[in-house]
Amino acid sequence: MSAPANVAILGATGSIGRSTLDVIARHPDRFRAYALTANTQVDELFELCVALRPPLAALADARAADTLRARLAAAAVPTEVFAGAAGLVALAQWPEVDAVMAAIVGAAGLAPTLGAARAGKKLLLANKEALVMAGPIFMAAVRASGAQLLPIDSEHNAIFQCLPPRASSGLADCGVRRILLTGSGGPFRTRSLAELAGVTPDEACAHPNWSMGRKISVDSATMMNKALEIIEAHWLFRAPPAQIEVVVHPQSVVHSMVEYADGSVIAQLGHPDMRTPIAQALAYPDRVEAGVPSLDLGRLGALTFEAPDFARFRALALAYDVLAAGGTAPAIFNAANEVAVAAFLRGTLPFARITDVIEAALAGVPAAAAANVEDILEADRRAREAASANAGRRFARSA
Ligand code: NAD
Ligand code: MG
């Protein structure tokens with residue numbers, strides 16, 4: 001039996017990070033938590049280091065890292081602590097690390113996730129924003145280094161499972177007609193536009209099926225999450241936008257589907273529990289226990305599907321526009337959303353204005369060619385400026 005695979009978890013204190021640690025803990029013979037990172041969460045990372053004794057840890061916030069280092073030394077825990085954005089990249093590329101779980105939320109995950117891709121790691125991708133921002137650069141890095149890229153997002157993990165192994169060379173070669181990306185429709189699926197006006201952050205974060213971090217929960221409520229996932233699917237599977245369709249499926253049991261030229265539609269089903277895709281990717285191509293119970297279809301009764309409403313959830317149409325525009329447009333789209341969601345969660349932007357702020361940033365910041373990461377980061381910065389100005393102004397007017 002070979003030694004356990006050393007896993008680095010970027011975003012270890014988050015929803016995906018915790019689920020990853022849960023799966024790892026079930027298989028000490030196969031996986032070891034080797035490096036753990038977080039943003040500012042000293043207490044949480046300290047407790048994880050005491051319990052799991054990973055050789056490495058890092059905090060993006062340098063002062064928080066100093067505190068963690070001192071507390072671990074006092075507790076005689078031999079974890080080496082790194083700091084800042086460079087510290088996160090160092091852990092993602094560490095020679096002894098075999099697999100990297102990229103589970104930081106938002107653009108902050110781009111540098112370490114891309115670092116892992118460039119270092120040729122087995123890369124488990126939850127941080128969809130990194131791929132949306134820098135799709136061609138990211139995929140080129142994966143190809144150049146020979147990194148093994150495995151999707152964690154439940155839909156993309158499902159699609160991966162429904163495709164033949166040779167699909168990495170492009171969908172046309174394996175007879176794929178369409179990718180059917182399922183989405184629950186979020187907590188506001190049945191609400192009218194007027195009813196969406198006054199919703200609160202807690203209402204937006206109360207997802208009917210999934211328990212997730214707050215940013216992705218708001219993205220689910222606006223269906224921006226599905227919009228980002230359209231772009232994610234485009235890059236991961238080299239799927240032309242016209243072959244990616246969204247279908248609303250409120251029960252979140254069918255995680256996505258692939259339709260072939262002969263009319264066959266292959267789906268992957270399971271409980272809405274991220275430990276399934278995490279275990280699938282960690283153990284790939286083996287299968288291991290993930291702590292997820294069997295699906296009781298008799299008890300579930302009905303699985304239902306409906307067409308998405310592009311009028312209420314404008315982010316969906318924007319995803320196709322942004323893909324058509326190319327270059328830095330997806331990075332602008334993503335950055336404006338991050339600013340708008342943060343403002344909504346702070347209580348300074350009404351829910352119904354989130355998509356307005358994204359549209360205004362796309363209109364105000366011209367998309368350009370993206371030759372390198374600097375071009376992407378510049379577009380990200382300009383979109384954040386535009387969106388911040390807009391988020392403030394729009395709220396002032398409506399308050
Ligand atoms: P979360 O908010 O629960 O956790 C985020 C993690 O990232 C935390 O560990 C936090 O410390 C870290 N982090 C945040 N900002 C950072 C920064 N500036 N620098 C360094 N680290 C930072 O988020 P989550 O729900 O676990 O989502 C993580 C990613 O996975 C997102 O990209 C999300 O879209 C994707 N995803 C999540 C789910 C889910 O079920 N939660 C499903 C599919 C995809
Ligand atoms: Mg998803």
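Q: What should I know about the model before I start?
A: The model is predicted, so local features need pLDDT of at least 70 and side-chain atom pairs count only at pLDDT 80 or more, while totals for chains, interfaces and linings use all residues. Residues are numbered from 1 along each chain as its sequence is written, chains are lettered from A and ligands numbered from 1 in the order in which they are written, and side-chain values use heavy atoms, with hydrogens and water left out.

Q: Into which domains is the chain divided?
A: Domain bounds come from an automatic or database domain assignment. Here domain 1 covers 5-152 and domain 2 covers 160-391. Taken over C-alpha atoms, their centres are 23 Å apart. Contact means heavy atoms within 4.5 Å, and 38 residues from domain 1 and 41 residues from domain 2 take part in it.

Q: How is the area between domain 1 and domain 2 read?
A: The size of an interface is often given as the accessible area lost when the parts come together. Buried area is the accessible area (1.4 Å probe) that two parts lose on being put together, summed over both. For domain 1 and domain 2 this comes to about 3,200 Å², and carbon and sulfur atoms give 72% of it. Lys128, Val132 and Met133 supply 21% of the area that domain 1 buries against domain 2, more than any other three residues.

Q: How many salt bridges cross the interface of domain 1 and domain 2?
A: Side chains of opposite charge can pair when their charged atoms come close. The rule asks for a side-chain nitrogen of Lys or Arg within 4 Å of a carboxyl oxygen of Asp or Glu. It finds four salt bridges across the interface of domain 1 and domain 2. Elsewhere to look at is the salt bridge of Lys215 and Glu129, at 2.8 Å from N to O.

Q: What does the salt bridge of Asp43 and Arg71 tie together?
A: The side chains of Asp43 and Arg71 meet at 2.7 Å, N to O. Helices (H or I, at least four residues) and strands (E, at least two) are DSSP runs, numbered from the N terminus. Asp43 lies in helix α2 (residues 42-52) and Arg71 in helix α3 (residues 62-74), so the pair ties together parts that are 28 residues apart in sequence.

Q: Which residues are closest to ligand 1?
A: A residue is near a molecule if one of its heavy atoms lies within 4 Å of it. Ligand 1 is surrounded by 24 residues, and the closest are Thr13, Ser15, Ile16, Glu129 and Gly213. A polar side-chain atom of Glu129 is 2.6 Å from an oxygen atom of ligand 1. A polar backbone atom of Ile16 lies 2.9 Å from an oxygen atom of ligand 1.

Conventions
Polar contact = N/O pair within 3.5 Å; in protein donor to acceptor, adjacent residues only side chain to side chain.
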